[in-house]
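Let's walk through a protein model together, one piece at a time. Have a look at the picture first, and then read on.

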Amino acid sequence: MVKTEIKLKGLTLKNPVMTASGTFGYGEEYADFVDLSELGGIIMKGTTLHHREGNPYPRMAETPMGMLNCVGLQNKGVDYFIKTIYPRIRHFDTNVLVNVSGSNIDDYVTAAAKIDALDDIPAIELNVSCPNVKQGGMAFGVTCSGIEQVVKAVREVYHKHLMVKLSPNVTNIAEIALAAEAAGADSVSLINTLLGMAIDAEARKPVLSMVTGGLSGACVKPVALRMVWQVSKAVKIPVIGLGGISSATDAIEFLLAGASAIQIGTANFIDPAISAKVAKGITEYCEKHGVEDVNELVGGLIL
Amino acid sequence: MKTIIDFQIIEKQSFPRAALLKLKSTTPLPEICGGQFVNVRVDGCDKAYLRRPISIHDVDYQNNTIDLLIQEKHEGTKTLCALPVGAKVNIVLPLGNGFTMPEKDDNVLLVGGGIGIAPLLYFAKTIHDNIQGKDAMNRVCTGVHFLLGGRTKDDLMLLERFRSVGDVFITTNDGSMGEKGFVTEHSLWNTMKINKIYACGPMPMMKALAKMAHEKGIWCEVSLENQMACGIGACLCCVENTKEGNLCVCKEGPVFNIERLLW
């Protein structure tokens with residue numbers, strides 16, 4: 001029997017597989033396809049203090065082995081989440097994390113404090129890396145001082161596991177991760193989407209309403225893997241790896257690079273049942289390779 | 001309940017820019033409503049990373065088959081149209097909300113433009129099945145009429161299928177079949193009393209039709225096809241800006257009453 005449990009500070013995952021924010025709705029959308037109890041955790045759609053309509057259509061462009069999006073954090077706000085969605089999802093037999101975003105520090109702090117009060121939410125993922133909102137979002141995540149400010153402020157009001165989601169759109173992601181760690185993050189998750197662009201040559205126009213958008217999908221995996229490797233060597237807190245993971249083998253690669261757990265994002269769109277398949281596949285890999293505990297794989301890259 | 005099924009193509013009919021695939025499932029089909037759609041994985045095409053949303057043209061519960069009428073638009077749909085009989089096709093279904101069933105005494109017109117004719121057949125059959133064998137008092141509605149429009153006669157496929165469930169009126173832009181012009185210009189609008197319109201087709205056609213329906217005070221539902229990624233309401237890419245804000249076409253639609261839209 002392979003041991004698959006992953007212990008993070010104040011957060012125990014029954015296996016290393018979580019689903020990435022913005023790709024899994026509130027979990028309910030996938031309940032027909034996946035037994036949610038087979039997952040280590042699910043991360044809710046990005047939630048802000050106030051209601052956000054998001055960006056205009058078109059919000060998506062297909063790219064080779066990936067896609068760009070500029071959804072722009074469409075959500076009904078944290079109070080709506082607490083009143084309407086939380087009662088429906090709080091008893092899922094898995095960890096339910098909320099991804100929290102904001103356009104200024106006060107908004108992050110207020111939203112995080114409201115979620116701190118929810119008994120069945122053991123952690124938040126602080127989104128300082130959304131490339132699709134004009135103010136805040138990625139702006140906090142691309143400088144050491146920005147990330148320090150927001151993480152420190154949220155840390156004061158948030159008492160459970162604080163995961164900070166990092167942007168890959170920086171010169172040195174390890175420095176940013178160190179800043180998040182110093183400010184009180186319990187873990188870092190990476191990577192959010194890579195800033196990209198698509199053009200319709202016939203129309204001579206951008207494909208996306210916001211001109212630029214975030215690139216995700218299988219095509220970003222090598223970049224994500226490299227960044228997980230760099231960050232895991234730099235920080236002492238656990239690293240959660242994501243970016244293009246579409247199979248159990250992809251997930252194993254992230255664990256070997258230094259991730260303690262992983263998230264599945266865009267692959268959920270192509271196979272809505274993929275998350276549970278990856279969890280099962282990780283166990284099968286361990287059985288095949290005589291690995292008794294998944295934790296043995298973390299950072300197990302042979303150089 | 002939504003499910004993922006590996007279908008096999010058991011029959012295929014090719015058209016100049018489209019193909020009709022009959023797909024058989026080894027497991028029983030879920031309940032499907034007219035106007036719902038499927039999300040098809042495109043294997044063997046490196047330009048199609050995401051699934052392709054395709055409307056459901058017909059369903060046969062006895063034989064466990066669905067029919068998809070697919071237009072070749074870009075690389076993904078071209079790959080699907082080129083699949084041979086015997087090929088396996090991975091499909092997520094059924095997705096979205098279908099058309100609202102008419103009530104008795106309704107005189108309905110199903111308007112399709114181009115490949116937008118596809119979902120109207122199965123919906124018409126479900127209405128038709130409600131008419132057959134019921135006395136006039138309990139009929140769902142008084143009859144089914146189709147108004148199908150194309151650029152040329154080549155766009156108008158499988159007319160015999162439509163004629164088997166209702167009267168078919170036709171317009172083509174070049175006059176190669178039926179009346180020349182757009183669906184909104186057909187002479188039936190002067191002679192028939194229609195009180196419910198169901199439409200699927202190109203955006204300009206549906207907008208023109210919605211405007212006309214609105215002016216005449218006719219109840220009207222349209223089926224949208226905004227570009228999608230997930231097909232199940234998770235990614236929020238396919239939104240339509242409505243009177244209720246941005247709504248996912250895949251989950252809240254694809255069928256919308258025109259009064260909900262900002263058209």
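Predicted model: local features only at pLDDT ≥ 70, side-chain atom pairs only at ≥ 80, totals over all residues.

Residues are numbered from 1 along each chain as its sequence is written, while chains are lettered from A and ligands numbered from 1 in the order in which they are written.

Start with the barrel in chain A. It is closed and has eight strands, in the order β3-β4-β7-β8-β9-β10-β15-β16, with parallel pairing. Strands here are DSSP runs (E, at least two residues), numbered from the N terminus, and two of them pair if DSSP finds at least two bridges between them. From one strand to the next, the twist averages 30°, an angle between N-to-C directions of axes fitted to C-alpha atoms, on a scale from 0 to 180 degrees. As an example, β15 (residues 239-241) and β16 (residues 261-264) of chain A run parallel and are joined by two bridges. There, A:Gly241 has A:Ile262 as its bridge partner.

Now find the open sheet of chain A, whose four strands follow the order β5-β6-β14-β11 with antiparallel pairing. β5 (60-63) and β11 (194-197) of chain A each have a single partner strand, so one side of each lacks a neighbour in the sheet. β11(A) pairs with β14 (residues 212-216) of chain A over four bridges, and A:Leu194 stands opposite A:Leu215.

Finally, look at where the chains meet: 26 residues from chain A and 25 residues from chain B take part in the contact, which requires C-beta atoms, placed from the backbone, within 7 Å.

Definitions and conventions: Contact = placed C-beta atoms within 7 Å.
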